[in-house]
Amino acid sequence: MPNAPHLNALDQVVASLSSLETEIGPVKLSGRVTQVSSEAIRVSGLSRIVCLGDLVQFEGRSGLRQGEIIRLDQKDVVVKPLERVTDIGIGSVASVTGGLAIHPDMSWRGRIINALGDPIDGAGPLTHGVEAFLLDRAPPPAMNRAKISDGVKTGVRVIDLFTPLCVGQRLGVFAGSGVGKSTLLGMLAGFGDFDTVVVCLVGERGREVREFIEDSLGETLASSVVVASTGDESAMQRRLAPKTAMSVAEFYRSHGHKVLLILDSATRFAHAARDVALAAGEPPVARGYPPSVFADLARLIERAGPGNCGEGSITGIFSVLVDGDDHNDPVSDTIRGLLDGHIVLDRQIAESGRYPPVNVLKSTSRLATRAWTPEQQELIHRIKGLISQYEDTKDLRMMGGFQSAGDEQLEKACRLVPKIYEAMRQRADQVLPSDPFAELAQALSADA
């Protein structure tokens, strides 16, 4: 064989490389830090071998640090650290470690993790599954998804009556600060016919994380996975936490589970994504938000919902913190258009002492007809008509400028709407399986 000497030489080279790798370990692709700022770090020597989203590991004075590549230039890359660091200097070594992924396992239920998938509950290490779930996964193909058909009772009367939830639906809870958004989310998390609950707390106060877990979830924690990233953590971690929670939910959906995903809040995710995009040099286009923020929101929300035929579903509830009670700010307006319905919490209703403070005239569920019977749908439309007439004339009636006498429909509204409001009043500890329509009928006939 004339090529035998060449083959022998090649075999010797391969054997030498194998023995060298055994001696010194796997070869790492590395670069050097050339610029450090409070927002990002520039690294040279990696532009030709990395992609956006790859992880980079730094050798800091206090140990190893991680960051994500958010921009590629001709000569260097821009890296956003996953945590706030002050021990990385010019010339520090930066090595590529690949894309960020987690390995969920069925045993993760009952655990509390951070944005990187590490346990923070002091209950020992996590068991890692075989399959890797990238944090930035693509949504299921549109034509492969199962259809939404079944309603689900939440135990919250005002929602089950006026904005019923379906399995696989994506619903938004829109509210200003201090209106009762977190309390309502706790009520929704603690009840419902779901196999697994995934809760993502983004940008919350540190004390609220434990309060939500112990007071709102309670016994539901045994079938829940909580992903927490508090407000003092870096923008990168607050941006990654919802993606981690979504990947965990996708894992359980792929195993046929009916998953309830609660994200509090999507607005803080948008704020974190804005910080990262601005650090990457993107121009702000809408009240300071770069274009990629809205693309990130659409991609994240679209990952929820029904899975491929034969899989389970992710019922998503996304809270939206409305800046300055302006429900038309860019983030709120974008998210409202991406969801399958929205619940609006009204500050005036909360100030009047009626909780949950849901404004039923401004709230809607685009899949309500799949949860209502035709008779229930007709009843709710009639009730909304009464509430609308009652609220439209409220100020004039209080000033004595509008009399209900002689107007049969208005007289009926003035008589029944206060009873309807009272029937919708519900404490956080009153979430019980019941028939909300039967309870409403009983309330309306109590003083008849």
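Predicted model: local features only at pLDDT ≥ 70, side-chain atom pairs only at ≥ 80, totals over all residues.
Local features need pLDDT of at least 70, side-chain atom pairs count only at pLDDT 80 or more, and totals for chains, interfaces and linings use all residues. Residues are numbered from 1 along each chain as its sequence is written, and side-chain values use heavy atoms, leaving out hydrogens and water.

Six strands form a closed barrel. Their order is E1-E2-E5-E4-E3-E6, with antiparallel pairing. Strands (E, at least two residues) and helices (H or I, at least four) are DSSP runs, numbered from the N terminus. Two strands pair if DSSP finds at least two bridges between them. On average, neighbouring strands of this sheet are turned by 45 degrees against each other, direction ignored. Strand E3 (residues 54-60) and strand E6 (residues 93-99) run antiparallel and are joined by five bridges. Phe58 stands opposite Ala94 in E6.

Helix H6 (residues 266-279) lies across strands E4 (63-72) and E5 (76-81). H6 runs at about 155 degrees to E5. Angles run from 0 to 180 degrees between N-to-C directions; axes are lines fitted to C-alpha atoms, for helices over the stretch in contact.

Helix H3 (residues 181-189) packs against helix H4 (residues 206-217) at about 50 degrees, with the axes 9 Å apart. The two helices are therefore oblique to each other (under 35 degrees is roughly parallel, over 145 roughly antiparallel, 65 to 115 roughly perpendicular, the rest oblique). In contact (heavy atoms within 4.5 Å), Ser182, Leu185, Gly186 and Ala189 of H3 meet Phe212, Ser216 and Leu217 of H4.
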